[in-house]
Amino acid sequence: MPVTLLDLREAPLAERHRPVFSAFDALRVGATLELLDVRELGSLQELIEATRPSCYHWQERPAAEGESCVRITKTPVRGSGAGCADCPCQCGGALLERAAC
């Protein structure tokens, strides 16, 4: 699956979450969103976990000095056995055909 790149390096802090969540919610199960930022992304990971628990894989990637890079892959909900039918993406299971479970 292709990787969608979202460059947040020049985005104001108050405006960076909306495009991340919009892009993540638009992903199909198995697709990946790559974020590039000049800020650490740990607090964003906590926010994603709080609002979209157990339906993503977070992988930190090498980045230039002073930058952070992470790949977020949408996954079926872990532990539910229901694929993404219970995922906060609210697809209602429409993406189950793409799930690897």
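**View 1. In strand β4, E60 has V70 as its bridge partner.** Helices (H or I, at least four residues) and strands (E, at least two) are DSSP runs numbered from the N terminus. β3 and β4, the latter spanning residues 68-74, pair in the antiparallel sense over six bridges, where pairing requires that DSSP finds at least two bridges between two strands. The model is predicted, with local features needing pLDDT of at least 70 and side-chain atom pairs counting only at pLDDT 80 or more, whereas totals for chains, interfaces and linings use all residues. Residues are numbered from 1 along each chain as its sequence is written, and side-chain values use heavy atoms, with hydrogens and water left out.

**View 2. Four strands form an open sheet in the order β1-β2-β4-β3, with mixed pairing.** Because β1 (3-7) and β3 (56-61) stand at the edges with a single partner strand each, one side of each is left without a neighbour in the sheet. From one strand to the next, the twist averages 20 degrees.

**View 3. Helix α1 (residues 17-26) packs on the sheet, touching β1, β2 (32-37), β3 and β4.** Contact here means heavy atoms within 4.5 Å. The direction of α1 makes about 165 degrees with that of β2, the axes being lines fitted to C-alpha atoms, for helices over the stretch in contact, and the angles running from 0 to 180 degrees between N-to-C directions. Helix α2 (residues 42-51) also packs on the sheet, touching β2, β3 and β4, and its direction makes about 175 degrees with that of β3.

**View 4. L35 touches residues including L6, V20, L44, V70 and I72, not counting residues up to four places away in sequence.**
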